[in-house]
Amino acid sequence: MAASSGPAGVGGAGPSGFAFDSGLEIKTRSVEQTLLPLVSQITTLINHKDNTKKSDKTLQAIQRVGQAVNLAVGRFVKVGEAIANENWDLKEEINIACIEAKQAGETIAALTDISSLNHPESDGQIMIFTDKTGVIKAARLLLSSVTKVLLLADRVVIKQIITSRNKVLATMERLEKVNSFQEFVQIFSQFGNEMVEFAHLTGDRQNDLKDEKKKARMAAARAVLEKCTMMLLTASKTCLRHPNCESAHKNKEGVFNRMKVALDKVIEIVTDCKPGGETDISSVSIFTGIKEFKMNIEALRENLYFQSKESLFATLEVILERTEDFTDSAYTSHEHRERILELSTQARLELQQLLSVWIHSQSKKTKSIAEELELAVLKISHSLNELKKELHRTATQLAADLLKYHADHVVLKALKLTGVEGNLEGLAEYACKLSEQKEQLVEVCRLLRHISGTEPLEITCIHAEETFQVTGQQIISAAETLTLHPSSKIAKENLDVFCEAWESQIGDMSTLLREINDVFEGRRGEKYGYLSLPKPMKNNANLKSLKPDKPDSEEQAKIAKLGLKLGLLTSDANCEIKKWGDQENEIVRNGQTMSSMAYSVYLFTRGEGPLKTSQDLIHQLELKDDDKLMLLLEINKLIPLCHQLQTVTKTPLQNQVFLKVDKCITKTRSMMAILVQLLSLCYKLLKKLQMENNSWVSVTNKDSMDGKT
């Protein structure tokens, strides 16, 4: 099947061979990193003393710098020319910039060439050793042209992402209109390839973003797309199985709409534009407001006329008005509410005192007045800090209690049970309870946003709020479909997928809460990655000082991309398995075992499922001898991959756990690709054999009848 080999360009050439084969951004980034250290060398070259006598060693060092710059520029120019050849609309601009860069590199090499010292006037140029003007001009031209190429390459990347998004949207439109299951499977296979390509491009872009706020927005949008891909599969299959079911169509439409919004958000981020004067929602954070207010009042120490009295009053009132989200909440305890109101009143009084001293200090500038102003500034700063602490305690305690209360997912389990029982009354009762739970979680996310402390965490809170809001409604519509069709396996599978998304978001919220606490307590630098971070070995004293080998952002992105491909392949395998009438067939049972194993690996890449550590994953992929023998007897093509996987799992790589995990997932993905192809082929052969047997039986019966006649 098409899904087995991945999208064109991820592992091979593809439609834009250069860009996808080895990565446009990776190539330009690597050459850019090569050039950056040489900038300091060029600076050293330019800043040398003109009138000092230079030794041969110094002259040789200068020449090496010039040659190194020229070689690096040459590599950069090759990348630029390759980009130009793949993008005709920008070819002329990129080629001109490349020519300029090449000339600058050659000029620097020539001006630092020792061999030309004997003939300083041979080329009509003044050598750098007597006049630095030539190198300075060449260095400026070099940096200018390199910047042009990088900016143009960036436009190419943006164009690729937009093109990829458009392909995904076009295929989604076809999926929305599909009427037959066979047609859906074919189109969804193409859709899966296109989503993997889009994930690849946007993942690279996310890693390259310097703005942490944009990076968080991109991560949120990509998370929606990844999870919705699995939802779209089951929701669409449910619609095809139950075409007249209104709740099934509502469920499917919700997934499509959310994916379209997420795709639009990605384009907004990469093109750096917001539609229709959209306001920045994160600006409503209370902590952000308090931080800005404190900066304004502290500035009065240096400039008494920096702010107006009315402006300070208005700013504080806006902050205190936002605390009503806490005091008006039905979930805030009486003690917390009273303390917040008390601290708000105190802040108003402290500001009045500050303004009184401030006005007095504008007319009388004495030491005692200055000390009084300083004291007033410290008092209101202290009041605001106490208010921050109380708001933080209120939100985090409420979130922790709520997460603990809903940790066992009783409501979700009840909805699943009422669905398979066809209990409409039970559905109404538990749908109401889930709606209440959803409103609680949404409100807690809003409170956490106020006290998150950083813009990226504010965006993550907004994402969590939106996810609970949307997923809660989708679970109810999926449960309604199952209740109306209690014997439907696909309707049950669909409800399971949406419930898993809810449980996953609950887990993400726990991580978010820890990160917010870290920021508040000053541990901002700590990051929470996968739950699979390896632990130092207990029985080896030499390893006690080693810290867990945490994957960096690029490694995490790579694992996530591999996981998405694996998740889509398990869906393809399940589609092939369901075609078989005999579910007890050995091929089917072995296929189901492998598919189940691969799906748990996919969940691992998302920080979910039963596999919690890298070691868990490696143990999961160590096939038992009996199982392996049965599998190898049935499917000879898997022998090399099975051996390779066993080699990887048993090879000690103590300081390269990420590399081992990466290899394990890659080998498993290859095995799943072969499995999908073999299942499809075996199914076709089985059908062909059945047809031949039927024909033979028919002919035999006819011969017997002729004989009797």
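The accessible surface of the protein chain (Shrake-Rupley method, 1.4 Å probe) comes to about 35,800 Å², and carbon and sulfur atoms hold 53% of this area. The model is a predicted one, in which local features need pLDDT of at least 70 and side-chain atom pairs count only at pLDDT 80 or more, while totals for chains, interfaces and linings use all residues. Residues are numbered from 1 along each chain as its sequence is written, and side-chain values use heavy atoms, with hydrogens and water left out.

The secondary structure consists of 23 helices and zero strands, both taken as DSSP runs (helices H or I, at least four residues; strands E, at least two) and numbered from the N terminus. Of the 709 residues, 47% are buried, that is, under 20% relative accessible area with a 1.4 Å probe, protein chains only.

The second largest pocket has a volume of about 830 Å³. Its lining comprises 25 residues, of which Lys237, Glu493, Asn574, Cys575 and Lys578 are the closest to the pocket centre. A pocket here is an open set of points on a 1 Å grid over the protein atoms alone, where a 1.4 Å probe fits, with protein on both sides within 12 Å along at least five of seven lines; lining residues have an atom within 4 Å of a point. At least two lining residues come from each of helix H7 (212-241), helix H17 (489-520), helix H18 (553-579) and helix H19 (586-605). Because domain 2 (178-273 + 407-523) and domain 4 (565-697) both contribute to the lining, the second largest pocket lies between them; the domain bounds come from an automatic or database domain assignment.

How values were computed: Buried < 20%, exposed > 50% of the residue type's maximum accessible area, 1.4 Å probe, protein only. Points joined across faces, edges and corners; volume = space filled by probe spheres on them.
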